Amino acid sequence: MTTVTTRPTTLTATDLRDWLAEPAGPRLVDVRTPAEFAASHIPGSYNVPLPLLEEHRRELAEHLDDDVVLVCRSGARASRAESALADTGTDHLHVLDGGITAWESAGGDVVAGEGSWDLERQVRLVAGSIVLTGILASTVVPQAKWLSAGIGAGLTGAALTNTCAMGALLSRMPHNRRHEPTPEAVFAQLRGGRN
């Protein structure tokens, strides 16, 4: 009688490292931007940026018959990807808790390359710059303070909904879309087996 191991939906970095050491390890699907993926990723990962995954989830689901671990920076985008794929009836989905950040903190191997800053850091830079500009400009034009208030409200909404409109916009910038895979290239990779 064969024993089937049931894995939790949310995996720690240690759980994932142990599972990857097994002969029948999972597929890793990294849903970060291509630039973030190029900067560092877990060896053997496939890059399927979240917008591409959400748009082509039905076609993608046809190629995901194995256990799949979804990876992003912190786990938020991977959770969104899990919801999108679960809507197609795909099961055997798992999310790396804490994302690549937790993986690196736990000493997990990464493929490092050249890429841009991670999306969260880009959001902090842009939001901080707009708030600072609004405050400085308000010393000359008092109404400029509302620019800073708008960013504060947006960040509060982002925290409450666990989404980020600014991050979604930044992910579409050309520097974040370098090396963006086409749906066809992703499907061909997945058909070809593990990286």
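User: In this predicted model, which residue in β6 is the bridge partner of Thr10?

Analyst: Strand β1 spans residues 10-11, and β1 pairs with strand β6 (residues 93-96) in the parallel sense over 2 bridges. In β6, Thr10 has as its bridge partner Val95.

User: In what order do the 5 strands form the open sheet?

Analyst: The pairing in the sheet is parallel. The edge strands, each pairing on one side only, are β1 (10-11) and β4 (45-47).

User: How many disulfides does the model contain?

Analyst: A disulfide is a covalent bond between the sulfur atoms of two cysteines. The cut-off for counting one is 2.5 Å between the sulfur atoms. The sulfur of Cys72 is too far for a bond, because the closest cysteine sulfur, in Cys164, is 13 Å away. The count of disulfides is 0.

User: Is Cys164 buried, partly exposed or exposed?

Analyst: Buried means under 20% relative accessible area, and exposed means over 50%. Cys72 has a relative accessible area of 1%, so Cys72 is buried. Cys164 has 27% relative accessibility, so Cys164 counts as partly exposed.

User: How many residues of the lining of the largest pocket are charged?

Analyst: The largest pocket, with a volume of about 830 Å³, is lined by 34 residues, and Cys164 is one of those nearest its centre. Helices that each supply at least two residues of this lining include α7 (119-138) and α9 (165-171). The lining has 16 nonpolar and 7 polar residues, and the number of charged residues is 11.

Note on methods:
Residues numbered from 1 in each chain as written. Predicted model: local features only at pLDDT ≥ 70, side-chain atom pairs only at ≥ 80, totals over all residues. Heavy atoms only, no water. Buried < 20%, exposed > 50% of the residue type's maximum accessible area, 1.4 Å probe, protein only. 1 Å grid on protein atoms, 1.4 Å probe; cavity = no way out; pocket = protein on both sides within 12 Å on 5 of 7 lines; lining within 4 Å. Points joined across faces, edges and corners; volume = space filled by probe spheres on them. Helix = DSSP H or I, 4+ residues; strand = E, 2+ residues; numbered from the N terminus. Nonpolar A, V, L, I, M, F, W, Y, C, P; charged D, E, K, R; others polar. Pairing = 2+ DSSP bridges.
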